[in-house]
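Please find below a short briefing on one protein structure.

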Amino acid sequence: MWIKFAFFVLAACACGGSAEQARFDNYRVYEVAIDSARQLQALQQLEANPDGYSFWESPVQTNMRLSMVVPPHKFAHFEEFTTALAMKTRLQIEDFQKVIDSERPMRSTRATFGWTDYYTVEEIYAWMDQTVAAYPTILSGTVYGKSFEGRDLKAIKLSQKAGNPGIFIEANIHAREWISSATATWLLNELLTSTNPAVQDLAQNYDWYFIMIANPDGLAYSKTTNRQWRKTRQPVNALCVGTDPNRNFDYFWMNGGASSVPCSDTYAGPSAFSEPETRAMADYYATIADRINIQFSFHSYGQYLLTPFGYSGAPAPANNADLQQIATVTAAAIQATYGTRYTFGNSASVLYVTSGSTVDYFVGVHGTRLGYTFEFRDTGATGFVLPANQIIPNAEETRNGIIAFVAEAKRLGYV
């Protein structure tokens, strides 16, 4: 059964209806390398005044790569801009709309909920409700808050016996990363139905806490209106909507890798926990933190397994050697499944600086000893618009990685 959890709502409104879906015909996606302070400053100025461009990652430092979506009327400008600054660029996607159109090849044939297509917030929540009802002795649901637009914020706990170590997974905090919630739902289903002894061991001897959709307003908007949408949906001013919820947690908030520009995709909000979704998740986690041994944050894309901390000047955690050892074993198990190669290491070192993230918060504030970010497939050919026919292989290799992860964590004394 579902139980209500006390929550704090900053604002609410009626859930909006659908709107016409934005199209990106002939839009190109380029990878751009930032090698100098001059290049960084120019890209930051462009992000603040984009005039049709959009950034999949914000320019936050030198020695990083980011992806830019370039509309057709900006092709010549982009060429002039990057040539003048001697920027290294690589064409990732020739026509972004074609990638979007190819994302869901089975959408016309699906009958029931499964993992050959992507689903709406309402469909995912209905599946969660039905699953809890089907396994009432081992599953329980919690409504831990409300989104800005008034949607439920839901969590599911799987527990087969008292006293188990806890594993917490949150997904789809970034709206456009549909593969994250698809993988999380697949993983719960696998824990409930698999005959694999290793999976049954995980199901029986660990308590699992899932937040399948941490940002339901944003996910809904990415379905109905803009496939590129990343943030929440609470207005900031007359022109800009939304905050990056994974820059909004109150641990070294705005300490690198986050933007103070309201229209930026990495806007950290007017204050920490300005978003009802982040405040509610933090309050929920506080009620279970003493039971959580492992925390995973599911994201896409890039094929990374990232360890804390991400903020500027952060020290390495005291157990960093163990974090990297576990990541080594996990990445090897992922690669052994289908050959998918993951890069692993400290998030600020192997990717870029971030602050106000869930992982930093759970590890830094609550002392969760093992906190990791998964960045799922791929490495740029489709970006976050991963075709639905990759949901199951992505989930299978993630499962195998988690099996290896937990075994190594147990060997090292963490669970």
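The model is predicted, so local features need pLDDT of at least 70 and side-chain atom pairs count only at pLDDT 80 or more, while totals for chains, interfaces and linings use all residues. Residues are numbered from 1 along each chain as its sequence is written, and side-chain values use heavy atoms, with hydrogens and water left out.

- Four strands make up an open sheet with antiparallel pairing, in the order β3-β4-β2-β5; helices (H or I, at least four residues) and strands (E, at least two) are DSSP runs, numbered from the N terminus.
- Two strands count as paired if DSSP finds at least two bridges between them.
- The edges of this sheet are β3 (54–55) and β5 (89–93), each of which pairs on one side only.
- Strand β2 (residues 28–34) runs antiparallel to β5, and four bridges join the two; within this pairing, valine 32 has threonine 89 of β5 as its bridge partner.
- Helix α1 (residues 37–48) lies across β2, β3 and β4 (64–70), at about 140° to β2; axes are lines fitted to C-alpha atoms, for helices over the stretch in contact, and angles run from 0 to 180 degrees between N-to-C directions.

- Strand β10 (residues 292–300) is largely enclosed by the rest of the structure, because eight of its nine residues are buried; buried means under 20% relative accessible area, exposed over 50% and partly exposed in between (1.4 Å probe, protein chains only).
- Strand β8 (residues 166–171) pairs with β10 in the parallel sense over six bridges, and isoleucine 169 stands opposite phenylalanine 296 there.
- Strand β13 (residues 370–376) also runs parallel to β10, joined to β10 by seven bridges.
- In β13, threonine 373 is the bridge partner of serine 297, and phenylalanine 376 is that of serine 300.
- Seven of the seven residues of β13 are buried, so this strand is largely enclosed by the rest of the structure.
- Leu370, Tyr372, Phe374 and Phe376 point one way from β13, whereas Gly371, Thr373 and Glu375 point the other way.
- Strand β11 (residues 304–307) pairs with β13 in the antiparallel sense over three bridges, with leucine 305 opposite phenylalanine 374.

**Nonpolar cores**

- The largest nonpolar core has 59 residues, of which Trp208, Phe296 and Phe298 touch the most other members; such a core is a set of buried Ala, Val, Leu, Ile, Met, Phe, Trp, Tyr and Cys residues joined through side-chain atoms within 4.5 Å.
- Helix α5 (residues 178–193) gives the most to this core, with nine residues.
- A second, separate core of 25 residues includes Ile173, Phe273, Tyr285 and Val363.
- Not counting residues up to four places away in sequence, phenylalanine 296 touches several residues, among them Phe168, Tyr372, Ile402 and Phe405; contact means heavy atoms within 4.5 Å.

**Threonine 340**

- Threonine 340 is in the loop between α9 (320–338) and β12 (343–346), and counts as buried because its relative accessibility is 9%.
- Its side chain makes polar contacts with the side chains of arginine 377 (3.4 Å) and glutamate 397 (2.8 Å).
- A polar contact is a pair of N or O atoms within 3.5 Å; within protein, one must be able to donate a hydrogen and the other to accept it, and residues adjacent in sequence count only if both atoms are side-chain atoms.
- Leaving aside neighbours within four places in sequence, the contacts of threonine 340 include Gln303, Ile334 and Gln335.
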